[in-house]
Amino acid sequence: MIPKLLAEEHYLNTHAPVACSLCSETMERDILDIHREENCPKRMITCEFCEFPLPAIDLAEHQEVCGNRTELCHLCNKYVRLRELYNHEDSCNTIQDNSAGSSRYVRPAERDEGARRRPQNDFSGKRLFFTIAFTGIAVVLGSIFFQRKTDLSNVQ
């Protein structure tokens, strides 16, 4: 029970409608703290996969994409989606394979043929050289273009 003299003050401090500073939703003052911490769609939440803080309303969409990224399982050397990594490590059959090959199932007949196959990275040295050369040329051309643009702006 609240004395009549304090009734208006009690109403303003406890029951008067206030707007959330994050989402502008109106509610009673006494539930505002709970709303901000647990229910506000614009409260900041950290992604469980990348630890990036983002609004709660965007979390599901972000984690749908972020959880599909893969990471190498240190137990079986297969790439596993981040959303499945925790369960995968629990059920992983800890086959110690030192190569980080494909995560697809390899039949025993294919394993035996592995030594006769040609290497997958036949042209990796040439591709790396081409990529570095192309990037270098792009950087040089970009710096020349940018330099000309800034020189022209200094003249005017």
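**Helices, salt bridges and confidence**

Analyst: Let's start with Glu-84: at 37% relative accessibility, Glu-84 counts as partly exposed. Buried means under 20% relative accessible area, exposed means over 50%, and partly exposed is in between (1.4 Å probe, protein chains only). This is a predicted model, where local features need pLDDT of at least 70, side-chain atom pairs count only at pLDDT 80 or more, and totals for chains, interfaces and linings use all residues. Residues are numbered from 1 along each chain as its sequence is written, and side-chain values use heavy atoms, with hydrogens and water left out.

User: Which side chain does Glu-84 meet in a salt bridge?

Analyst: Arg-81, at 3.6 Å, N to O. A salt bridge here is a side-chain nitrogen of Lys or Arg within 4 Å of a carboxyl oxygen of Asp or Glu. Arg-81 is partly exposed too, at 39% relative accessibility.

User: How many salt bridges are there in the whole structure?

Analyst: The search finds 2. Besides the Glu-84 pair, Arg-83 and Glu-64 meet through their side chains at 3.9 Å, N to O. Arg-83 is in helix 4 and Glu-64 in helix 3, so this pair ties together parts that are 19 residues apart in sequence. Helices (H or I, at least four residues) and strands (E, at least two) are DSSP runs, numbered from the N terminus. Arg-83 is partly exposed at 34% relative accessible area, and Glu-64 is partly exposed at 47%.

User: OK, helix 4 then. Which residues are buried there?

Analyst: Leu-82, Leu-85 and His-88, in a helix that runs over residues 82–91. They sit on the same side of helix 4, because they cover an arc of only 80° around the axis. That arc is taken from the directions from the helix axis to the C-beta atoms. The face turned away from the buried side carries exposed Tyr-86, Asn-87, Asp-90 and Ser-91.

User: And what covers the buried residues of helix 4?

Analyst: The cover includes helix 3 (56–66), strand 5 (70–72) and strand 6 (79–81). Take Leu-85, buried with a relative accessible area of 11%. Leaving aside neighbours within four places in sequence, Leu-85 is in contact (heavy atoms within 4.5 Å) with Glu-71 and Val-80.

User: Switching to helix 3, what's buried there?

Analyst: Ala-56, Leu-59, Gln-63 and Cys-66. Their arc around the axis is only 65°, which puts them on the same side of helix 3. They pack against strand 3 (44–46), strand 4 and helix 4. On the other side, Ile-57, Ala-60, Glu-61 and Val-65 are exposed.

User: Gln-63, then: buried or exposed?

Analyst: Buried, with a relative accessible area of 16%. Beyond its neighbours within four places in sequence, Gln-63 is in contact with Cys-47, Glu-48, Phe-49 and Arg-83.

User: New topic: what does the chain average for pLDDT?

Analyst: The average is 76, and 72% of the residues score at least 70. pLDDT is the predictor's confidence in each residue, from 0 to 100.
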